[in-house]
Each structure stands twice: as structure tokens, then as C-alpha cells.
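Please look over the sequence and the fold shown here before reading the briefing.

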Amino acid sequence: MDKKLTELIAKLLPVPYVHEGRDYSGLDCGGLILLFYRDYLKIRLPDMLGYDSHWGYKGKNYFIENYFKFFDSVRVPQLMDVVLFFNGKKVSDHGGVVLRDGRFIHCHRHVGVSVDRLGADPWAGRLAGFYRLRQEFEAEFKVKANGKS
């Protein structure tokens, strides 16, 4: 991994889980994806706030409904793709960012930010898919030199 990516991961690992967290004081899985894209790729993705912490068990699929109109589903993940996981109701209610060597970074309510293996339990059995930002949106969401998108 490059130095910038290694430094970002090290900065994120001590961050705790906070519902709707969007900065280094606390994140949820959606916040981690937003922060990772912003701070590593300089891409400011649209946010989705205003959901309760149990939305996935209510059958709401906010990830697919909100974020993934900007992403394409891919079969073979690459560095920086988004990975989604199903809950027991087959709703994609957890996500992270693909790293290298079969690993991904995510923020889980019971652990905070961690790096785990895609093929390890419980993640392997819950895999919903991999998603790559469409090229036409990269330029639209790119953070300008002044920090604005």
C-alpha cells in the first residue's frame, strides 16, 4: 500500500462507532466510506443522513437507494471499491472500502473502525457485492483545491 493510504488507515483505526458519525471523532459505516473517499481519493460523495440505527432490519435499503445510483456493481473488486454486506433480512445494511490482499476497512457498531478479511466469518457469508464509482461521477464529486466539491 502507498504511504498515504497506510497513514489514513492508521488514523482511522482508533475511531469509535457513532451513529451518523462523519469525522475522526466517530463514524458509522457510511461515514467511513464518505471520509475514505474524501480524504484519500479527494471525492466528496453525497451523504445520506436521517436514518435510525435499525433501518436495515426495517427492510429499508438506504445504501442501494441512495449511494449506488452513482456506482456500478462489479464482480472482481479493486482497491477503493465499496463492499456491501447483507443482514439477516437480506438487506445491505453494512459497508466498507476494499483494500488489498482480500481485506476491507469498515466501521462496525460493536468494534469501531477495523480491517478484516473479506473471506472470513461473518463477512464471507454476508457478502452482498462490490461497487465501483462510475467515472462520470468522479469529476462531478471531485474536491477542488479549495476543499469544496
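In strand S6 (103-108), His-106 is the bridge partner of Gly-96, and strands S5 (92-98) and S6 pair in the antiparallel sense over three bridges. Two strands are said to pair if DSSP finds at least two bridges between them, while helices (H or I, at least four residues) and strands (E, at least two) are DSSP runs numbered from the N terminus. This is a predicted model, in which local features need pLDDT of at least 70 and side-chain atom pairs count only at pLDDT 80 or more, whereas totals for chains, interfaces and linings use all residues. Residues are numbered from 1 along each chain as its sequence is written, and side-chain values use heavy atoms, with hydrogens and water left out.

**The sheet and its hairpins**

- S5 and S6 form a hairpin with four residues between them, and Asp-101 in the turn has a positive phi of about 60 degrees.
- S6 also runs antiparallel to S7, to which six bridges join it; Arg-103 stands opposite Arg-117 in S7, and the hairpin formed by S6 and S7 has three residues between the strands.
- S6 is mostly covered, since five of its six residues are buried, where buried means under 20% relative accessible area, exposed means over 50%, and partly exposed lies in between (1.4 Å probe, protein chains only).
- These strands belong to an open sheet of six strands with antiparallel pairing, in the order S3-S8-S4-S5-S6-S7; its edge strands, S3 (71-74) and S7 (112-117), each pair on one side only.
- Neighbouring strands of this sheet are turned by 35 degrees against each other on average, direction ignored, with axes taken as lines fitted to C-alpha atoms, for helices over the stretch in contact, and angles running from 0 to 180 degrees between N-to-C directions.
- Elsewhere in the sheet, four bridges join S4 (residues 82-86) to the antiparallel S8 (residues 127-133), and Val-82 has Tyr-131 in S8 as its bridge partner.

**Helices against the sheet**

- Helix H2 (residues 29-41) lies across S3, S4, S5, S6, S7 and S8, running at about 30 degrees to S5.
- Asp-39, found in helix H2, makes side-chain polar contacts with the side chains of Tyr-24 (2.4 Å) and Arg-38 (2.7 Å); a polar contact is a pair of N or O atoms within 3.5 Å, where within protein one must be able to donate a hydrogen and the other to accept it, and residues adjacent in sequence count only if both atoms are side-chain atoms.
- The buried residues of H1 are Leu-5, Leu-8, Ile-9 and Leu-12. They cover an arc of only 100 degrees around the axis, which puts them on the same side of H1; the arc is that of the directions from the helix axis to the C-beta atoms.
- These buried residues of H1 pack against strand S2 (26-27), H2, S6 and S7, with contact meaning heavy atoms within 4.5 Å, whereas the face turned away from the buried side carries the exposed residues Lys-3 and Ala-10.

**Nonpolar cores**

- The largest nonpolar core has 33 residues, and those with the most contacts inside it are Leu-12, Phe-36, Leu-45, Phe-71 and Ile-105; such a core is a set of buried Ala, Val, Leu, Ile, Met, Phe, Trp, Tyr and Cys residues joined through side-chain atoms within 4.5 Å.
- The largest share of this core, eight residues, comes from H2.
- A second, separate core of eight residues includes Val-74, Leu-118, Trp-123 and Phe-130.

**Loops and backbone features**

- Gly-102 lies in the loop between S5 and S6 and, at 35% relative accessibility, counts as partly exposed.
- Leaving aside neighbours within four places in sequence, Gly-102 is in contact with Asp-116, Arg-117 and Leu-118.
- Lys-42, in the loop between H2 and helix H3 (62-67), has a positive phi of about 60 degrees although it is not a glycine.
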